[in-house]
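Let's take a walk through this structure together. Have the sequence and the 3D view side by side as you read.

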Amino acid sequence: MSEATLNAIKDNPDDFAVQISDQIESFIVSVTEVAKGDDPDSAIPYLLLELSQLLLAGGRLGAHEDFVPVDRYEPDTGPEPDVDEMRLKLATLLDPVDVYSEVFDPYEPRTAPVACRISDALADVITDLRHGMAHYSEGRVSEALWWWQFSYLSNWGPTASAALRALQSLVAHVRLDTPLDALDGLDTDSEADEDDSALEKEAGAVMAAEIGVPLGMQPDGRRS
């Protein structure tokens with residue numbers, strides 16, 4: 001695709017590819033800003049909002065007919081940008097409520113829940129999105145749409161949905177004034193190093209201080 005054709009697509013705000021790429025780029029930029037930790041009190045509600053908006057784009061991709069890339073083989077996009085620094089910053093920012101329990105396939109019977117991390121989920125989602133954005137920036141629009149659609153169905157969609165559910169649950173615990181239950185050693189490591197009751201108490205304090213205030217809650221749990 002020529003640069004002129006790509007510019008023509010980008011200049012049309014009603015074009016499907018433009019709308020999807022704008023939503024994806026906005027998510028990447030927003031999460032990168034959150035990871036800087038400049039406004040930790042608003043991190044969880046802001047991530048809830050950003051993931052909700054991203055999954056709207058994902059829903060549109062999932063509902064769309066299959067995209068077919070122009071090239072038979074995927075062009076090389078070069079080395080993937082490192083997300084480890086962002087992952088660690090998010091883990092620090094979200095501690096001690098970073099770990100949550102997730103069932104990967106709700107239609108698979110008797111699937112045992114596993115421990116996951118919101119920080120890992122966000123970093124994995126951004127890795128997938130950046131890969132497609134590399135194609136889009138080079139004018140390979142059909143390749144970008146194919147990748148975003150495929151990876152939405154296979155990876156970043158389920159991952160983002162699980163993280164969204166965890167964030168929504170955290171916000172709900174604060175808004176409905178329902179403290180977290182005992183975490184029972186929930187961790188992605190094989191052995192828990194934290195005392196359950198102490199971790200639960202710390203998590204509750206973090207939620208009240210960092211989530212409740214941005215949502216209009218008073219320190220005693222009342223709405224302002």
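Let's begin with Asp98, which is buried, with a relative accessible area of 2%. Here, buried means under 20% relative accessible area, exposed means over 50%, and partly exposed is in between, using a 1.4 Å probe and protein chains only. Before going on, bear in mind that this is a predicted model: local features need pLDDT of at least 70, side-chain atom pairs count only at pLDDT 80 or more, and totals for chains, interfaces and linings use all residues. Residues are numbered from 1 along each chain as its sequence is written, and side-chain values use heavy atoms, with hydrogens and water left out.

What does Asp98 form a salt bridge with? The partner is Arg117, and the closest N and O atoms are 3.6 Å apart. Asp98 lies in the loop between α4 and β1 (99–102), while Arg117 sits in strand β2 (residues 114–117), so the pair ties together parts that are 19 residues apart in sequence. A salt bridge here is a side-chain nitrogen of Lys or Arg within 4 Å of a carboxyl oxygen of Asp or Glu. Arg117 itself is partly exposed, with a relative accessible area of 23%.

Now step back to the whole chain. The protein chain has seven helices and two strands, and along the sequence they follow the pattern α-α-α-α-β-β-α-α-α. These elements are DSSP runs numbered from the N terminus: helices are H or I with at least four residues, and strands are E with at least two. Of the chain's 224 residues, 38% count as buried. Among contacts between residues at least 6 apart in sequence, 72% join residues at least 24 apart; a contact means heavy atoms within 4.5 Å.

Back to the salt bridges, where the count comes to six. Take a look at Arg87, which forms one with Asp84, the closest N and O atoms being 3.7 Å apart. Arg87 and Asp84 are three residues apart in helix α4 (residues 84–94), so about one helical turn separates them. Asp84 counts as partly exposed, at 41% relative accessibility. Arg87 also meets the side chain of Asp124 in a salt bridge (3.6 Å, N to O). This second pair links distant parts of the chain, with Asp124 in helix α5 and Arg87 in helix α4, 37 residues apart. Asp124 is partly exposed too, with a relative accessible area of 34%. Put together, Asp84, Arg87, Asp120 and Asp124 are linked in a network of salt bridges.

What does Ser119 contact, leaving aside its neighbours within four places in sequence? The list is Arg87, Leu90, Ala91, Leu94 and Asp98. Ser119 is found in helix α5 (residues 118–137), and it counts as buried at 1% relative accessibility.

Next comes the inside of the protein. The largest nonpolar core has 50 residues, and those with the most contacts inside it are Phe27, Leu51, Leu129, Trp148 and Trp156. Such a core is a set of buried Ala, Val, Leu, Ile, Met, Phe, Trp, Tyr and Cys residues joined through side-chain atoms within 4.5 Å. The elements giving two or more residues to this core are α2 (16–35), α3 (43–63), α4, α5 and α6. The largest share, 15 residues, comes from α6. As for Leu51, it touches Phe27, Leu122, Ala160, Ala163, Leu164 and Leu167, not counting residues up to four places away in sequence.

Finally, look for the rings. The structure holds six aromatic pairs. In one, the rings of Tyr136 and Trp148 have their centres 6.1 Å apart and their planes at 35 degrees, so the pair is tilted. Rings of Phe, Tyr and Trp (its six-membered ring) pair if their centres lie within 6.5 Å; planes under 30 degrees apart count as stacked, over 60 as edge-to-face and the rest as tilted. Tyr136 is buried at 5% relative accessibility, and Trp148 is buried at 0%.
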